[in-house]
Amino acid sequence: MMLLANLGILLISMVLLGVGLRFLSKTSLIYGLKKVWRILEDNCYAYQFYRVPKFNENMQENQLYRKVYTYLNSLPAVEDSDFANLFSSSKSTEISVILDDNQTITDNFLGARVYWKVENSDKGGSKSLDLKMRRNDKRRILVPYFQHIHQVFDEIEQKRKEVRLFVNVDTQFHRNGRWRSTSFTHPATMETIVMDSDLKTRIKSDLDNFLKSKQHYHRLGKVWKRSYLLYGPAGTGKSTFVAAMAKFLGYDIYEINLHRITSDSDLKYLLLQTTNKSLLVVEDLDRYLAEKSTAVSLSGILNFMDGIISSCGEERVMIFTMNSKENIEASFLRPGRIDVHIHFPLCDFTAFKSLASSHLGLKDHKLFSQVEENFQIGATLSPAEIGEIMVSNRGSPTRALKTVITALQGNLASRVGRRLSGSASGRDSEESLDSGLVPKDGQNGIHPMKEIKNLYGLLRARSSRKASMEKLDMYMNERENSDLNTT
């Protein structure tokens, strides 16, 4: 009986001990014991340490840091770290768990345990990733382990397919580099861009050939890069086209604000911190070159475009935008600095029909003929202006077209008024009209009679009053007879 009683007490004690250990495993006591065991274990083995800095001595971003950092944040161990950051991902329903500074996580590879720690220097604010592994494991796993990291990073990038936009906003390049980035979510694609279909096909073919031409460029001894000039009035779609090119190539965008650069050397540092497979974009270059006093010299910009410094990196596309290239020095536009010139004109009837199809779902409409008439007599609007009218009136396509017609007529009327007033400057306006002479070279190159005919067409479209039209017809006949007599 005593034996059975002792066995019962022992059994109950073991059950209670098991329950107690299970409870303690979820408390800070066991957590503390694990830490103590880890410290004792560290003192029993010799370890090798490696550091992966975020930037090198020239403040260029270390691509290995980016790959390792991406890999570590994909590990389940991040969620078990003492402290982690929570961010909303590109999908609003997902939460990203990101490792915090000065935290250590554990990874296992080929039976070996390694430790990573995110170090943030208090002095310079520079970051690094520190790797710790047992010395007797390093020869066996070091190279295969980093190959594994590269492979996982490539798989993550393939799934993500995210284009990022970088902007230069910080002159404190000794701390965290000169670039700040965000996800680039612009919806433009080559398919949604409104431009001449043949031109679009040629540009896509040119970009495809560039992607496949690494060996060709190297055989010729040339840097694997290509540069484009996009020029045309404001609102013609240059910036949207840049977004479409980035999506087509899958390249990150580095938008360079020249006004935030302090010197030629600063521009060089900025270029050194860009990565391969990227678009380097300088917008409104003509305006910057027209300024009398700038921090970056003309020679600094020329060297940026195709100097020695521009060869520090490959598989890059440089894009420069201008409103006009008429007053730009030929040295900026020569082959080698600019490989492809693409003109973005104001909207014509063909482009208008493309906009009507994409914005309003219209292939044809009874008002199309009136729109075409206004384009034929010289009315112009930018694609952005017409697109905004269509967006604002997308609920009523007819109202949208009528608003476009009104805007075109208003544009023509204002242009006629400006040109007529310009042709009469320095002379008596009545004498100019009566003479019917074509302006001399260097003056306004539009015959006043042609502008009056344009205005005549406009008034006919806008007014249906019979008396007004008869009066205008009589005036037009008198003017034509006066021209014939003069000639």
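This is a short tour of a predicted model, stop by stop.

**Stop 1: colour by confidence**

Colour the whole chain by pLDDT. The average for the protein is 79. At least 70 is reached by 73% of the residues. Which element has the highest mean pLDDT, and which the lowest? Strand β13 has the highest, at 96. Helix α17, residues 429-435, has the lowest, at 37.

Now select residues 428-449. Their pLDDT stays under 50. The model gives this stretch 29 contacts beyond four places in sequence. Move on to residues 461-476, where pLDDT is also below 50. Beyond near neighbours in sequence, that stretch has 16 contacts in the model.

**Stop 2**

Zoom in on β4 and β5. Strand β5 covers residues 112-120. The two strands pair in the antiparallel sense over six bridges. Show Ile105, and you will find Trp116 of β5 opposite.

**Stop 2: the seven-stranded sheet**

Select β7 to β13. What is the strand order here? Reading across, it is β8-β7-β10-β11-β12-β9-β13. This sheet is open too, and its pairing is mixed. At the edges stand β8 (179-183) and β13 (340-343). Both have a single partner strand, so one side of each is left without a neighbour in the sheet. From one strand to the next, the twist averages 20°.

Focus on β7 (residues 164-168) and β10 (residues 252-255). They run parallel and are joined by three bridges. Pick Val167: Glu255 in β10 stands opposite.

Helix α8, residues 238-249, packs on this sheet. Helix α8 touches β9 (225-231), β10, β11 (278-282), β12 (316-322) and β13. Its direction makes about 170° with that of β12. Then select helix α11, residues 298-306. Helix α11 lies across β9, β11 and β12, running at about 140° to β12.

**Stop 3: Asp206**

Show the side chain of Asp206, found in helix α6 (residues 197-211). Which residues does Asp206 touch, leaving aside its neighbours within four places in sequence? They are Arg226, Tyr228 and Val340. A polar contact of 2.9 Å joins the side chains of Asp206 and Arg226.

**Stop 4: a helix pair**

Finish with α13 (residues 349-360) and α14 (residues 368-376). Their axes come within 10 Å and cross at roughly 145°. The crossing is right-handed. Which residues make the contact? From α13, show Phe349, Phe352, Lys353 and Ala356. From α14, show Phe368, Val371, Glu372 and Phe375. Colour them by class: six are nonpolar, two are charged and none is polar.

Technical notes
Residues are numbered from 1 along each chain as its sequence is written. This is a predicted model: local features need pLDDT of at least 70, side-chain atom pairs count only at pLDDT 80 or more; totals for chains, interfaces and linings use all residues. Side-chain values use heavy atoms; hydrogens and water are left out. Axes are lines fitted to C-alpha atoms, for helices over the stretch in contact, and angles run from 0 to 180 degrees between N-to-C directions. Helices (H or I, at least four residues) and strands (E, at least two) are DSSP runs, numbered from the N terminus. A crossing is left-handed if the near helix is turned anticlockwise from the far one by less than a right angle, and right-handed if clockwise. Contact means heavy atoms within 4.5 Å. Ala, Val, Leu, Ile, Met, Phe, Trp, Tyr, Cys and Pro count as nonpolar, Asp, Glu, Lys and Arg as charged, and the others, Gly among them, as polar. A polar contact is a pair of N or O atoms within 3.5 Å; within protein, one must be able to donate a hydrogen and the other to accept it, and residues adjacent in sequence count only if both atoms are side-chain atoms. Two strands pair if DSSP finds at least two bridges between them. pLDDT is the predictor's confidence in each residue, from 0 to 100.
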